[in-house]
Amino acid sequence: MSQCALCPRNCRVNRAEGERGYCGSGSTMVVAHWGLHFGEEPPISGVKGSGNVFFSPCNLRCVFCQNYQISHKRLGKEVSPEQLAEIFFRLKAAGAHNINLISPTPYAPLIAHAIGRAKDQSLRIPFVYNTNAYENVSTIETLDGLIDIYLPDFKYAHAHIATRLSAAEDYPASARAAILAMKKQVGDLVLEDGLAKRGLLIRHLVLPGKLAGTKRIIRWIKEHLGTQTYLSLMAQYQPLYGATDFPMLKRKITDREYDTLVELLLEEGFENVFIQELESAPLFVPDFEKENPFKEEGVGRLKQILNPNL
């Protein structure tokens, strides 16, 4: 990390010597929270929970981020790779089906070291790379053999929206390239007894007023990855943090906006789709200043739907 180029911002700062780039990450990992979580997609959460590890801060820093306490404010405690590996084992002992690494990009080399250490000590549950997809392909390539499941969030189809909301004009192109690299590495999602073991699951957060370019993203996925791709269409957007400064972001999405996109997925022939109930959106907003940031009633609010066209 002496010339940091882990993500497309390519800040080239010397983090090893204490310099900080756009995201604000230093030489040591910061973990905001770790524990079992039940609000992911069913193949990830299962019945015993996903072993979530939330890293802080984030390299994208969207103006509307529901995790703004960590993405923008760097809330959390510093941990070493050895301590992180110990967290992995404690999550496994608690019953976690997998280790879910959330916003890992700024610490990819340090996380890789911790994963290697844990695997050397015979930890045998899947590792999930839960990312905003603002990744350099070179970073994804360094994770080959360490990551079992990629869980990218494909946020924007249009460069001008990515610029306005995340100061990342190259986000769409970078996300497309990174997701293709992920697919090449792990293939389609593979389930055993209903649990994800390996592969790709793409998330997409629907924004009000068609801002995310959802239809374009759906058609890109169909053309380049195929309709068998597992896709989670999230309805949990709320106007949080800096969203209230943008008139276009001041409202939640409507039932009509969301239902139209669900119908499009089915019409396009997608076979593996997860959806959310719009009224569950507040349940997904964590408070990282609390010991348990998540509301228990948020459990089970993501569900898979069957495509009647198949």
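Predicted model: local features only at pLDDT ≥ 70, side-chain atom pairs only at ≥ 80, totals over all residues.
**Reading a strand and a helix pair**

Biologist: Which strand is joined to S5, and by how many bridges?

Modeller: Strand S4 is joined to S5, residues 127-131, by 4 bridges, and the two strands run parallel. S4 also pairs with strand S2, which spans residues 50-55, again in the parallel sense and over 4 bridges; in that pairing, Val53 stands opposite Leu101 of S4.

Biologist: Are the residues on the two faces of S4 buried or exposed?

Modeller: Both faces of S4, residues 99-102, are covered, with Ile99 and Leu101 buried on one side and Asn100 and Ile102 buried on the other.

Biologist: Turning to the helices, what describes two packed helices?

Modeller: In general, the description rests on the angle between the two axes and the distance between those axes. Here, helix H8, residues 214-224, packs with helix H9, residues 255-267, at an angle of about 20°, and their axes lie 11 Å apart. Because angles under 35 degrees count as roughly parallel, H8 is roughly parallel to H9.

Biologist: What is the handedness of the crossing in which H8 passes H9, and which residues in H8 and H9 meet?

Modeller: The crossing of H8 past H9 is right-handed. On the H8 side, Thr214, Lys215, Ile218 and Arg219 take part, and they meet Leu261, Leu264 and Leu265 of H9.

How values were computed
Residues numbered from 1 in each chain as written. Heavy atoms only, no water. Axes fitted to C-alpha atoms, helices over the stretch in contact; angles between N-to-C directions. Parallel < 35°, antiparallel > 145°, perpendicular 65-115°, else oblique. Left-handed = near helix turned anticlockwise from the far one by under 90°. Contact = heavy atoms within 4.5 Å. Buried < 20%, exposed > 50% of the residue type's maximum accessible area, 1.4 Å probe, protein only. Pairing = 2+ DSSP bridges.
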